[in-house]
Amino acid sequence: METKYIFITGGVTSSLGKGIISASLGKLLQARGYKITIQKFDPYINIDPGTLNPYEHGECYVTADGMETDLDLGHYERFTGIETTRDNSVTTGRIYLSVIERERRGDYLGKTIQVVPHITDEIKRRIQLNATKQQFDFVITEIGGTIGDIESQPFLEAIRQLRWELGPRRALSIHLTYVPYLAAAGELKTKPTQTSVKQLQGLGIQPEVLVLRTEHSLGDEVRQKVAHFCNVDVEAVIQSQDMPSIYEVPVNMLHQGLDAIVLRKMGMDPGETPELGPWRKFLELREQAAEVIDIALVGKYDLQDAYKSILESLAHAGTYNNRKVKTHFVNSEFLTHENVANLLAGMAGVVICPGFGQRGIEGKIIAAEFTRTHDIPTFGICLGMQMMVIEFARNVLGYKDATSAEFRVSEDSSCADGNLVPPYSRTPVPPFVIDLMEEQKNITQMGGTMRLGAYDCELKEGSRTYEAYRVSVPCDSVARSLTIRERHRHRYEFNNQYKEEYEQSGMRCVGINPVANLVEIVEIPTLRWYIGTQFHPEYSSTVLHPHPLFMSFVKACINK
């Protein structure tokens with residue numbers, strides 16, 4: 001069949017959960033046997049979110065082919081199990097850059113370049129690009145931002161044109177809005193939704209389906225009122241009430257027939273309702289898990305979305321280990337030798353989080369020392385792994401001033417949190433046990449220039465990491481192989497000059513990249529569970545395929 005396109009827009013306010021609705025609909029269509037992909041189009045002018053501070057945009061998710069993307073792509077992958085690519089994430093910056101480069105080459109034959117048609121044509125091309133590389137039954141496109149944002153208008157105009165060109169059997173619009181509850185009046189108010197839909201209609205787009213986000217259940221009267229004023233069938237007015245977990249949203253959408261409505265609107269027979277057996281089993285296990293384990297996240301970005309994939313990976317592993325994981329954020333900027341025992345001693349385990357920049361690193365090093373000397377299960381990820389390496393150098397190898405080349409910045413430069421490259425200068429003092437990667441030394445541009453995407457890693461047989469990957473997890477998702485492939489986002493690496501000293505003193509380098517000889521994984525085998533990874537395993541954990549390292553880590557926390 002010809003590829004069909006579903007566009008999901010948002011109104012009234014941001015953060016309504018377009019990404020979760022997109023992922024849920026994708027999951028339901030997938031359960032019906034359709035091949036789908038989901039893509040995010042963001043109106044901001046940045047080329048990608050890689051240079052954005054996590055406080056601005058939350059987590060930066062990385063695809064296997066090395067694209068820094070919006071965190072919603074993490075939801076897409078966790079819900080559907082599909083592997084997204086750089087073609088699944090597009091920003092205004094990428095659109096304009098492409099058009100400007102073509103103009104500079106003379107591709108437009110001297111024409112005046114305008115938003116319409118040149119920018120909108122490029123947006124339409126990008127929307128359909130995935131379907132030119134693979135055969136998809138459905139391409140779901142989420143448009144970031146909110147109706148009324150000036151930045152969104154070229155994207156909405158491109159959608160309007162595509163819907164007209166493709167016709168109602170191949171293009172459909174879903175609009176997600178908010179229905180607030182006014183406690184003083186004791187009423188749900190639909191006027192914001194009506195206004196949002198009228199804005200969309202004013203741009204030439206009539207949504208076929210409305211998804212109403214609400215904290216309170218909407219009665220039939222409210223749904224009928226919305227349908228009447230927004231020119232939408234009553235059955236196509238779906239309520240998305242707050243759920244205890246985002247993983248219950250697909251089941252909620254299934255109960256209300258969102259997928260069936262979409263198929264009927266596009267001229268297709270919905271057929272039998274999918275069972276969602278494995279998904280429901282996950283929810284059942286999640287509900288049955290009663291015992292709580294406390295795990296600390298030592299990081300410096302004090303907001304939930306900054307470590308979204310780590311939180312979800314811990315939740316997946318907790319569920320399959322019959323536990324509820326309760327995470328406690330510990331701000332590394334304020335972690336000291338005096339308060340570390342109060343903050344970490346009661347934890348079943350500790351995750352030392354990734355990040356960039358010098359702020360808060362000493363707190364992470366203090367955490368690594370405390371957990372190492374008190375045998376608390378510890379998982380260091382990317383920068384977290386590097387802090388474990390630095391701590392070991394200082395307190396075991398005797399290099400008291402050991403550090404990373406990332407933190408040696410000249411006085412006339414600035415290195416704020418984020419994807420920045422400090423001036424590089426090699427000096428024997430202090431010892432850089434973490435050093436700048438060789439291929440990074442001549443790089444001056446910040447965006448998209450790190451070691452990004454999936455790379456091979458060979459595991460040493462007999463290591464705890466090897467055993468974690470070797471043992472099957474639910475759904476037998478892990479191949480029994482000595483070579484794994486994980487996603488990276490970093491500029492600095494373990495300095496192999498010190499490798500032999502580490503090995504002799506008890507910290508083993510158990511994962512090595514076979515091409516570049518980079519140390520990917522370190523562990524201390526004499527401790528319960530003390531493992532650091534240069535890569536980001538959290539990017540690969542999904543609902544039905546929890547990551548083996550998180551499974552092993554949570555199990556160690558339970559045993560403690």
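Guide: Leu276 counts as buried because its relative accessibility is 8% (buried is under 20% relative accessible area, exposed over 50%, partly exposed in between, with a 1.4 Å probe and protein chains only). The model is predicted: local features need pLDDT of at least 70 and side-chain atom pairs pLDDT 80 or more, while totals for chains, interfaces and linings use all residues. Residues are numbered from 1 along each chain as its sequence is written, and side-chain values use heavy atoms, without hydrogens or water.

Leu276 sits in the loop between helix H10 (258-265) and helix H11 (277-288) (helices are DSSP runs of H or I with at least four residues, strands are runs of E with at least two, and both are numbered from the N terminus). The backbone there has a positive phi of about 55 degrees, although Leu276 is not a glycine. Most residues other than glycine have a negative phi, and most peptide bonds are trans.

Cys382 belongs to the loop between strand S15 (378-381) and helix H15 (383-397). With a relative accessibility of 5%, Cys382 counts as buried.

Another backbone feature is the cis peptide bond between Val116 and Pro117, where omega is about 15 degrees. Pro117 is part of helix H5. Helix H5 covers residues 115-133 and also holds Gln128. Gln128 is partly exposed, because its relative accessibility is 25%. Beyond its neighbours within four places in sequence, Gln128 is in contact with Tyr5, Leu162 and Leu166 (contact means heavy atoms within 4.5 Å). Gly66 lies 62 residues from Gln128 along the chain, and their C-alpha atoms are 21 Å apart.

Ile47 belongs to a loop, the one between strand S2 (36-42) and helix H2 (54-57). Ile47 counts as partly exposed, at 38% relative accessibility. With neighbours within four places in sequence set aside, Ile47 is in contact with Met67, Thr91, Gly93, Arg94 and Leu97. From Ile47 to Thr69 is 22 residues in sequence and 9.6 Å in space, C-alpha to C-alpha.

Now the whole protein chain. It has 18 helices and 23 strands, and 58% of its 560 residues are buried. Of the contacts with a separation of 6 or more, 76% join residues 24 or more positions apart. Along the principal axes, the C-alpha trace spans about 75 × 65 × 50 Å.

The largest cavity is lined by 20 residues, and the closest to its centre are Cys60, Ala306, Pro354, Phe356 and Arg489.

Conventions. On a 1 Å grid over the protein atoms alone, a cavity is a set of points where a 1.4 Å probe fits but cannot get out, and a pocket is an open set with protein on both sides within 12 Å along at least five of seven lines; lining residues have an atom within 4 Å of a point.
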